[in-house]
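Welcome! Take a moment to look at the sequence and the 3D picture below, and then let us walk through them together.

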Amino acid sequence: GPKQSPIQVAPLLEETLNFLRSSIPATVEIRKYIDVPSDTIKGDAAQIQQIIMNLGKNAADSLPRNRGLIEMRLEAVYLDGMNGHPDLKAGRYLRLSVKDDGCGMSREVMGHIFEPFFTTKEVGKGTGLGLAIAYGVVKQHNGSIHVYSEPGTGTTFRIYLPLFASQNIEDKSEEVRHPEKGHETILLAEDDDTARELYHLVLEKFGYFVIEAADGEEAVEKFAKYKDRIDLAL
């Protein structure tokens, strides 16, 4: 699994927002609110950065005519199991919220967004892998991710990650929960080499076995050859 070590999320968020700023239209305003007495979690910095980028880009994509506002908030909260997050142990959490005032989504769409390869974007505009990966990463960090949205009013994603208290280092009794890993074989057809390498890497990281094809013709050949093994074509 990923190497998890204590990381500070506030500086990570600042750094990621600089990346994000340069990769989305200048007409999109990004506001950040960081209000955390402590912001250390146990985790993998690269993965947390990837989630922030993903959510930020999705938020930008949902803004009509590339205009609007994205708000990123980092806060510390105490959850006691009673506030609608039964999946989380009571304790102190870091809450990262990503809010946009874009087109929002229906309940129907909201019910599917964390599924791999579900996407509302037109063909060629994103793979629909982003949120499934975000979901997997948050689970690996023993956290949870929630979405709130209505058509026409924008969308808010909230991620809860357990705060890492240094005095807990000695406490080895905490059981480590491993995320469910995939084990299926996926035929991956993608003519963009860089994209194909990235998807291959990500899928393997999640336990899938990947058979690559660089174009439709090769995909058909590989499918014919390995059809008994292939669980999913992508």
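Which residues form one aromatic cluster? They are Phe114, Tyr135 and Phe157. Before going further, please note that this is a predicted model, in which local features need pLDDT of at least 70, side-chain atom pairs count only at pLDDT 80 or more, and totals for chains, interfaces and linings use all residues. Residues are numbered from 1 along each chain as its sequence is written, and side-chain values use heavy atoms, with hydrogens and water left out.

**The aromatic pairs**

A pair of aromatic rings is described by the distance of the centres and the angle of the planes. Rings of Phe, Tyr and Trp (its six-membered ring) pair if their centres lie within 6.5 Å; planes under 30 degrees apart count as stacked, over 60 as edge-to-face and the rest as tilted. The structure holds two aromatic pairs, shown here:

| Pair | Centre to centre | Angle between planes | Type |
|---|---|---|---|
| Phe114 and Tyr135 | 5.4 Å | 35 degrees | tilted |
| Phe114 and Phe157 | 6.4 Å | 75 degrees | edge-to-face |

Phe114 lies in the loop between helix H3 (107-110) and H4, while Tyr135 is in helix H4, so this pair ties together parts that are 21 residues apart in sequence. Phe157 belongs to strand E7, so its pair with Phe114 links parts that are 43 residues apart in sequence. Helices (H or I, at least four residues) and strands (E, at least two) are DSSP runs, numbered from the N terminus. Both Phe114 and Phe157 are buried, whereas Tyr135 is partly exposed, with a relative accessible area of 34%. Here buried means under 20% relative accessible area, exposed over 50%, and partly exposed in between (1.4 Å probe, protein chains only).

**The five-stranded sheet**

Strand E7 also takes part in an open sheet of five strands with mixed pairing, in the order E2-E4-E5-E7-E6. Two strands pair if DSSP finds at least two bridges between them. At the edges are strand E2 (28-35) and strand E6 (144-149), each pairing on one side only. Strand E5 (residues 91-100) and strand E7 (residues 155-162) run antiparallel over eight bridges, with Ser97 standing opposite Arg158 in E7.

Helix H1 (residues 9-23) packs on this sheet, touching E2, strand E4 (68-79) and E5. Contact means heavy atoms within 4.5 Å.

In the same way, Arg73 lies over the face of Tyr33, at 4.1 Å from the ring centre. A charge sits over a ring if NZ of Lys or CZ of Arg is within 6 Å of the ring centre and within 35 degrees of the ring normal.

How many residues does the largest nonpolar core have? It has 42, and those with the most contacts inside it are Ile70, Met72, Leu74, Ile113, Phe157 and Ile159. A nonpolar core is a set of buried Ala, Val, Leu, Ile, Met, Phe, Trp, Tyr and Cys residues joined through side-chain atoms within 4.5 Å. A second, separate core of six residues includes Ile186, Ala195, Tyr199 and Val210.

Strand E8 (residues 185-189) and E9 pair in the parallel sense over five bridges. They belong to an open sheet of three strands, ordered E9-E8-E10, with parallel pairing.

How values were computed: Axes are lines fitted to C-alpha atoms, for helices over the stretch in contact, and angles run from 0 to 180 degrees between N-to-C directions.
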